[in-house]
Amino acid sequence: MPPLLWATGAVHAGAALALVAAPAHWAWALAALAANHAALTAAGLWPRSTALGENWVRLPQAAAARHEVAITIDDGPDPDVTPKVLDLLDAAGARATFFCIAERAARHPDLVREIVRRGHDVQNHSNVHGHHFSLLGPRGFAREIGAAQSVLVQAAGTAPRFFRAPAGLRNPFLAPVLHRLGLTLASWTRRGFDTRERDPQRVLQRLTRGLAAGDILLLHDGHCARDAQGRPVVLTVLPALLAALQRAELVPVTLSSTLCADRSPTP
Ligand SMILES: [Zn+2]
């Protein structure tokens, strides 16, 4: 259990004891509880925080040592954008990880199968990608993520091993649910904000600034912004990003391929 959650238990126990031992000081106990809840909320609003449990913000050390990086592509599958993204990845011989919204996967199972057929990962990005996801409790998380897991297993033929929260937002109840479902939370090292940034150059700059082995990069094939000509930003960014990775001698791999640390080195 991460230190912040131990501290939460201690603060609650301490506040209860203080109220029994010295009821007149109730205001101090209340202030301690409020400060603790503020810290929990802040951690949940910070997608790259590891204070609420395991959270991949980079690839494991062994993958970084092999000069690997991960391109992750969220919010699809999208019948207009995803096939073009797959072609761009194929052209560069690159592998990527698609965090799919299960409701969309159920509507386009053929696209999910195609993602897998071309050697990419399909991972869990919730069932409906609701705006109130981070306000759910244990049962709500279990329902939402479990339903997505069932849909994605059926469509992809293999069970997702990673989960990414919608917008990266969560609360302390998420980690135990992921643990029970055998899922690891994955966020990112860097994101391009390509759901609202319409300038592909700026998206590319955000993704490549400080680019290094082990990075996890975030793009979108669903909900993606479009440039001034109406073209999805990801379709302009992705080839340039793949070229930048090649120049830096970095190899884009799937998240699941990095789980097996003793994997024999690629020839
Ligand atoms: Zn998303």
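This is a predicted model: local features need pLDDT of at least 70, side-chain atom pairs count only at pLDDT 80 or more; totals for chains, interfaces and linings use all residues.
Local features were considered only at pLDDT of at least 70 and side-chain atom pairs only at pLDDT 80 or more, while totals for chains, interfaces and linings use all residues. Residues are numbered from 1 along each chain as its sequence is written, and side-chain values use heavy atoms, with hydrogens and water left out.

The protein contains 10 helices and 8 strands. These are DSSP runs numbered from the N terminus, with helices (H or I) of at least four residues and strands (E) of at least two. The radius of gyration is 20 Å, close to the 18 Å that the globule rule gives for 267 residues, so the protein is as compact as a globular protein of that length. The radius is taken over C-alpha atoms, and the rule is 2.2 Å times the number of residues to the power 0.38. The C-alpha trace spans about 70 × 45 × 40 Å along its principal axes.

Buried residues make up 48% of the 267 residues. Here buried means under 20% relative accessible area, exposed over 50%, and partly exposed in between (1.4 Å probe, protein chains only). Of the contacts with a separation of 6 or more, 76% join residues 24 or more positions apart. A contact means heavy atoms within 4.5 Å. The protein exposes about 13,000 Å², and carbon and sulfur atoms supply 60% of this area. Accessible areas come from the Shrake-Rupley method with a 1.4 Å probe; for residues, only the protein chains shown count as cover.

A zinc ion has three protein donors, Asp75 (OD), His125 (NE2) and His129 (NE2), which lie 2.1 Å from it. Donors are N, O and S atoms within 2.8 Å of the metal (3.2 Å for Na, K and Ca); water is not among the atoms, so sites may look incomplete. Along the chain the donors follow the spacing D-x49-H-x3-H. Asp75 lies in the loop between strand S1 (68–74) and helix H4 (82–92), and His125 in the loop between strand S3 (121–124) and helix H7 (138–156), so this pair ties together parts that are 50 residues apart in sequence. Asp75 and His125 are both buried.

The whole structure holds 13 salt bridges. Each is a side-chain nitrogen of Lys or Arg within 4 Å of a carboxyl oxygen of Asp or Glu. In one of them, the closest N and O atoms of Arg58 and Asp215 are 2.9 Å apart. Arg58 lies in the loop between H2 and helix H3 (61–65), and Asp215 in the loop between helix H9 (200–208) and strand S7 (216–220), so the pair ties together parts 157 residues apart in sequence. Arg58 is partly exposed at 33% relative accessibility. Asp215 is buried at 0%.

Arg118 and Asp87 also form a salt bridge (2.9 Å, N to O). Arg118 lies in the loop between helix H6 (109–117) and S3, and Asp87 in helix H4, so this pair ties together parts 31 residues apart in sequence. Arg118 is buried at 17%, whereas Asp87 is partly exposed at 44%. Both belong to a salt-bridge network that includes Asp90, Glu114 and Arg117.

Leu19, Trp26 and Leu30 make a nonpolar surface patch of about 330 Å². Patches are made of residues with over 30% relative accessible area and no salt bridge; like charges are joined within 9 Å, and nonpolar side chains (Val, Leu, Ile, Met, Phe, Trp, Tyr) within 5 Å. Leu30 is found in helix H2 (residues 26–44).
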